[in-house]
Amino acid sequence: MDFSLRPFHPDDAESIALHANEFDIARFTSDAFPHPYELSDAVSFIRGTLPLQPQRIFAIVIDDKAVGGIGIHPQEGVARLNAEIGYWLGKAYWGQGIMTRAIPLVVDYAFQNFELNRVYAKVFGNNGASQRVLEKCGFVLEARIRDGCIKMNELQDELIYAIRRLPQSMEETKG
Ligand SMILES: CC(C)(COP(=O)(O)OP(=O)(O)OC[C@H]1O[C@@H](n2cnc3c(N)ncnc32)[C@H](O)[C@@H]1OP(=O)(O)O)[C@@H](O)C(=O)NCCC(=O)NCCS
């Protein structure tokens with residue numbers, strides 16, 4: 001299935017609210033992802049992305065509709081060479097390899113447009129699909145923090161996956 005990535009547009013709000021309003025998305029995302037997901041949530045989320053320069057949060061577009069999102073979040077201070085990646089896709093489109101193709105595009109974009117050494121993702125222990133996608137995209141499991149999160153009133157392990165700008169072999173040889 002074909003998809004494209006582009007910055008969000010205010011006109012995407014209705015489609016985003018439709019596809020994001022899904023328990024099986026909310027249960028695997030941070031508490032910043034509302035559930036239920038109202039039109040007003042989509043409007044304010046999209047409004048927040050519009051001024052970002054360079055752009056770093058993208059709509060996943062299928063058949064001219066925004067049906068998911070993927071973005072990177074550069075960190076600050078001592079962690080400033082790291083960025084977190086986050087993503088979700090409308091349930092109707094799961095299991096067709098879309099996120100496995102989208103993540104490498106955004107990782108390449110991140111390394112080209114931001115001063116970063118590492119892009120990481122935080123995944124709940126019960127989110128097998130996201131773990132599998134990250135592994136398919138070359139991310140390495142760096143840590144499992146036992147009971148590191150509580151989501152929907154259940155403790156979850158927090159898994160940290162990461163990919164580096166330089167291959168591991170070059171990192172080992174650099175000063
Ligand atoms: C995680 C998510 C983005 C995956 O998107 P997708 O486009 O369906 O992913 P892909 O089709 O590229 O790959 C999914 C892979 O996970 C596998 N998978 C699906 N459910 C699984 C499960 N419960 N356990 C293990 N693997 C699973 C699929 O078989 C596939 O692997 P394969 O190609 O080896 O068969 C999507 O399920 C989603 O939006 N989930 C809710 C939000 C979320 O979890 N966001 C990430 C938070 S860290």
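1. In α4 (98-113), the 16 residues should span 22 Å at 1.5 Å a residue, and because the end C-alpha atoms are 23 Å apart, the two values agree. The expected span is 1.5 Å times one less than the number of residues, and helices (H or I, at least four residues) and strands (E, at least two) are DSSP runs numbered from the N terminus.

2. This is a predicted model, in which local features need pLDDT of at least 70 and side-chain atom pairs count only at pLDDT 80 or more, while totals for chains, interfaces and linings use all residues. Residues are numbered from 1 along each chain as its sequence is written.

3. The buried residues of α4 are Ile98, Met99, Ala102, Ile103, Val106, Val107 and Ala110. They cover an arc of only 145 degrees around the axis, which puts them on the same side of α4; the arc is that of the directions from the helix axis to the C-beta atoms. The face turned away from this buried side carries the exposed residues Asp108 and Gln112. A residue is buried if 20 or more other C-beta atoms lie within 10 Å of its own, exposed if 12 or fewer, and partly exposed in between, with C-beta atoms placed from the backbone.

4. The largest nonpolar core has 38 residues, of which Ile60, Ile85, Ala102, Ile103 and Val106 touch the most other members, and α4 gives the most to this core, with 7 residues. Such a core is a set of buried Ala, Val, Leu, Ile, Met, Phe, Trp, Tyr and Cys residues joined through C-beta atoms within 7 Å.

5. Around the ligand stand 21 residues, the closest being Phe28, Met99, Thr100, Gly128 and Ala129; a residue is near the ligand if its C-beta atom, placed from the backbone, lies within 6 Å of it. Helix α5 (128-136) gives the most to this shell, with 5 residues.

6. One runs from His35 to Pro36, with omega near -5 degrees, and Pro36 is in the loop between α2 and α3. Another joins Gln53 and Pro54, with omega about -10 degrees, and Pro54 is in the loop between α3 and β2 (57-62).

7. Which phi value does Asn153 have? Phi of Asn153 is positive, about 65 degrees, although this residue is not a glycine, and Asn153 counts as exposed because it has 5 C-beta neighbours inside 10 Å.
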